[in-house]
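Dear colleague,

I am handing over the structure we spoke about, and I would be glad if you could look through it with the notes that follow beside you.

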Amino acid sequence: MSPFTRRQILIALGAAGIGAGTALRASAQPVQEVTGPVTLDTGSDSYHARQIRLPANGGADHLIRVAWPRGAVPKGGFAVLCALDGHAVAADLDAATLARLADGARPALILAGHDVDTRFAAQDRTRDYTPPDANGAPVADPRGRPGGGAAGYLALLREQVLPRALALGPLNPAAMTLWGHSYGGLFALHAAFAGSSPFARHIAASPSLWWDDARFFNRLMAQLAAGNAPAVPLDLHLGEAERARASRPTDPRAQRLVQMRDALPDDALDDLDRALRAAGVPGHLRIFPGLSHGETFTRSLMVAAGLA
């Protein structure tokens, strides 16, 4: 089967589920504003909810929301969806959506984020979610924000966040999925390839494969070619219109980002998916018809949570 035909089929599969989660603004572009407190903070009829706060070494403190469905507990505890950009995710989980989750797949939730007033903690997510260079050194993003702290953040999740979260309720430590979008998707890839991830499945949505002039992407491809593949399932998500609808700012300060995005081949995620499957890594690539990079955030999240 040709790659073009394969992509058409994957887009059709994505279209089949596009109606799910419309109450979550699946086709709305995420913005920075958060209007009012989120349901997990004010109280839910469908989910128990707790919070964990951890100090950060510079920047905003870590804020982790932990939630699990009310009612009967399955044997072994609830399967867990650990989602990055936790404040943005919590803003998407209104009362109606939490009710649908509780009536459906019933995942427990660990929403790993930062204590900020906006949906996305731009400085903090850049620092925590992005991989270092090949020598383990920090990397700045195209806007000059310090990055490359993914190894440290993975250690924080493994050694501090998850033990505290799992102690709060009936969560199953053997059935945890990590989900992240954009820089968070990059982190999901880093964690999957690191060999020290505590998660049984990883979902990388719209990963910023142009990071570090695509050197990280090239390292992943080299690892797979050398037989160093992730030992756990790894899914990839992408909005069909991400490249076509990407903004092209004229601000001179943004040109580095434009150049890095343009340098990445159109089929980079397809290439990564093919290499993963050829290496025997379970998982699939799912494409969401017509969605831009930002719009893919909520749509992918709902798929990961089982609302698709």
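Is aspartate 273 buried or exposed? With a relative accessible area of 1%, aspartate 273 is buried, and I begin there since this residue takes part in a salt bridge with arginine 277, in which the closest N and O atoms are 2.9 Å apart. Both residues belong to helix H10 (residues 268-278), where they lie 4 residues apart, about one turn of the helix. Arginine 277, for its part, counts as partly exposed at 23% relative accessibility.

Before going further, please keep in mind that this is a predicted model. The chain has an average pLDDT of 88, and 87% of the residues score at least 70. Residues 1-30, however, have a pLDDT below 50, although this stretch has 56 contacts in the model beyond near neighbours in sequence. Where pLDDT is low, the predicted coordinates should not be read in detail.

On the salt bridges, of which the structure holds 13, two further pairs deserve a description. The side chain of arginine 65 meets that of aspartate 41 at 2.9 Å, N to O. Because arginine 65 lies in strand S2 (residues 62-69) and aspartate 41 in helix H2 (residues 39-42), the pair ties together parts that are 24 residues apart in sequence. Arginine 65 counts as buried at 4% relative accessibility, whereas aspartate 41 is partly exposed, with a relative accessible area of 37%.

The other pair is formed by arginine 127 and aspartate 124, whose side chains meet in a salt bridge at 3.2 Å, N to O. These two residues are 3 residues apart in helix H5 (residues 122-129), and so about one helical turn separates them. Aspartate 124 is buried, with a relative accessible area of 7%, while arginine 127 counts as partly exposed at 22%. The pair also belongs to a network of salt bridges that links Asp124, Arg127 and Asp128.

Turning to the strands, I would draw your attention to S8 (residues 201-205), which is mostly covered, with 4 of its 5 residues buried. On one side of the pairing, S8 is joined to strand S7 (residues 171-181) by 5 bridges, and the two run parallel; within this pairing, leucine 178 has histidine 202 of S8 as its bridge partner. S8 is also joined to strand S9 (residues 234-239), again in parallel, by 4 bridges, and here alanine 205 stands opposite histidine 237 in S9. From S8 the chain crosses through helix H8 (residues 215-225) to S9 in a right-handed β-α-β crossover. A right-handed β-α-β unit is likewise made by S7, helix H7 (residues 183-194) and S8.

Helix H7 also contains tyrosine 183, which counts as buried at 4% relative accessibility. Leaving aside residues up to four places away in sequence, tyrosine 183 touches Arg125, Thr126, Tyr129, Thr130, Asp141, Pro142, Ser208, Trp210 and Trp211. The C-alpha atoms of tyrosine 183 and serine 206 are separated by 8.4 Å, with the two residues 23 apart along the chain.

With kind regards

Definitions and conventions: Residues are numbered from 1 along each chain as its sequence is written. This is a predicted model: local features need pLDDT of at least 70, side-chain atom pairs count only at pLDDT 80 or more; totals for chains, interfaces and linings use all residues. Side-chain values use heavy atoms; hydrogens and water are left out. pLDDT is the predictor's confidence in each residue, from 0 to 100. Contact means heavy atoms within 4.5 Å. A salt bridge is a side-chain nitrogen of Lys or Arg within 4 Å of a carboxyl oxygen of Asp or Glu. Buried means under 20% relative accessible area, exposed over 50%, partly exposed in between (1.4 Å probe, protein chains only). Two strands pair if DSSP finds at least two bridges between them. A crossover is right-handed if, with the strands pointing away from the viewer, the path from the first strand over the helix to the second runs clockwise.
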